[in-house]
Amino acid sequence: MATKQTVRDILLKKGGKEKISMLTAYDAPMAALLDQAGIDILLVGDSLGMVVLGLGSTVPVTMEQMLHHATAVSRGVTSALVVGDMPFGSYLVDPRESVRNGVRFLKEAGCDAVKLEGGQDACEDVRALVRAGVPVMGHLGLTPQTAGQLGGFKVQGKSFDAGRKLLADARALEEAGAFALVLECVPGRLGEVVTKGIDIPTIGIGAGPHCDGQVLVTNDMLGLFEKFTPGFVKKYLNLAPQLKEAVAAFQDEINSGVFPAPEHTFGTDEDFNVLLKG
Ligand code: KIV
């Protein structure tokens, strides 16, 4: 059985040949499959609001919803590092509140670390969490919880000034104690510059090939989420059409009597016909 990944194992992969692999998970059976396949990190992303709960954005997702799903994911995992995403409003309000919420991910949901969005504005929270013993992964670039302020779901850091600010944010998060950094939807060259400019691993999603690792939303890469597909997603499977075909076959077969067949039916030697006769 593979040994449990630690924050230190992830840090040691910085700049190495072997990249860090991260996928999202929201329930125990899927977490177990991804874990058995050898994924390094499972992120219980607040993307669950959109790909599991049917919400229009990640903003309404609550602490209780995150803890409910994170607990299930932790139950399915033996090896991967489990990171719980701090939902909108659970941090950046008061560092003591952030610590209380961050600690819940570890104590109640069995996570190994938390992730939060934001740069220099989030550093006070990152410092407080790390001081309290909660490892923190940062998230810069396109930050979905505040996408409205960023002009929507668009590539970030396209100008020189925006790139410089993003690098300064990355350095500030490292200095505050973050152990890794998600870079979402930034030009590939900026992904490379930030990766070379800090000593903690970067994990890219739409940030080019030079990051220390890559993350995708599992429901996107399996082709299960049909509402929209961001341009940076590669579908490794296209399960939604297959799933619909399977359901149509089930309906056909129950109508035609092909299913259930004798092998799906419990046999008996007793003659129940007598019951029909009253
Ligand atoms: O919530 C999420 O799934 C994420 C990933 C896109 C990194 O934050």
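Lysine 13 and aspartate 40 are both buried, where buried means under 20% relative accessible area, exposed means over 50%, and partly exposed is in between, with a 1.4 Å probe and protein chains only. Their side chains form a salt bridge, 3.0 Å from N to O. By salt bridge I mean a side-chain nitrogen of Lys or Arg within 4 Å of a carboxyl oxygen of Asp or Glu. Lysine 13 sits in the loop between α1 (7–12) and β1 (20–24), and aspartate 40 in the loop between α2 (28–36) and β2 (41–44), so the pair ties together parts that are 27 residues apart in sequence. Helices here are DSSP runs of H or I with at least four residues, strands are runs of E with at least two, and both are numbered from the N terminus.

A word on the source. This is a predicted model, in which local features need pLDDT of at least 70 and side-chain atom pairs count only at pLDDT 80 or more, while totals for chains, interfaces and linings use all residues. Residues are numbered from 1 along each chain as its sequence is written, and side-chain values use heavy atoms, with hydrogens and water left out.

Back to the salt bridges; a search of the whole structure gives 15. One of them joins the side chains of aspartate 85 and lysine 115, at 3.0 Å from N to O. Aspartate 85 belongs to strand β3 and lysine 115 to strand β4, so this pair ties together parts that are 30 residues apart in sequence. Aspartate 85 and lysine 115 are both buried.

Another salt bridge links the side chains of arginine 127 and glutamate 175, at 3.3 Å from N to O. Arginine 127 is in helix α6 and glutamate 175 in helix α7, so the parts tied together are 48 residues apart in sequence. Are these two residues buried or exposed? Arginine 127 is partly exposed, because its relative accessible area is 34%. Glutamate 175 has a relative accessible area of 60%, so it counts as exposed. Separately, salt bridges with shared partners join Lys13, Glu18 and Asp40 into one network.

Now the sheet. Eight strands close into a barrel, in the order β1-β2-β3-β4-β5-β6-β7-β8, with parallel pairing. Two strands count as paired if DSSP finds at least two bridges between them. From one strand to the next, the twist averages 25°. Axes are lines fitted to C-alpha atoms, for helices over the stretch in contact, and angles run from 0 to 180 degrees between N-to-C directions. β6 pairs with strand β7 (residues 202–205) in the parallel sense over four bridges, and valine 182 has isoleucine 203 in β7 as its bridge partner. Helix α5 (residues 95–107) packs on the sheet, touching β3 (81–85) and β4 (113–115), and its direction makes about 130° with that of β4. Contact here means heavy atoms within 4.5 Å.

Next, helix α7, residues 160–176. Its 17 residues should span 24 Å at 1.5 Å a residue, and the end C-alpha atoms are 24 Å apart, so the two agree. The expected span is 1.5 Å times one less than the number of residues. Among the buried residues of α7 are Gly163, Leu166, Asp169 and Leu173. The cover over the buried residues of α7 includes α6 (123–131), β5 (136–141), β6 (180–184) and α8 (188–197). After α7 comes glycine 177, with a positive phi near 115°.

Two threonines in loops. Threonine 58 lies between α3 (48–51) and α4 (63–76), and is buried because its relative accessible area is 4%. Beyond neighbours within four places in sequence, threonine 58 contacts Asp46, Ser47, Met50, Pro144 and Gln145. Threonine 143 lies in the loop between β5 and α7, and its 8% relative accessibility is why it counts as buried.

Finally, backbone geometry. Most residues other than glycine have a negative phi, and most peptide bonds are trans. Leucine 92, in the loop between β3 and α5, has a positive phi near 65°. Cysteine 185, in the loop between β6 and α8, has a positive phi near 55°. Phenylalanine 259 and proline 260 are joined by a cis peptide bond, with omega about -5°.
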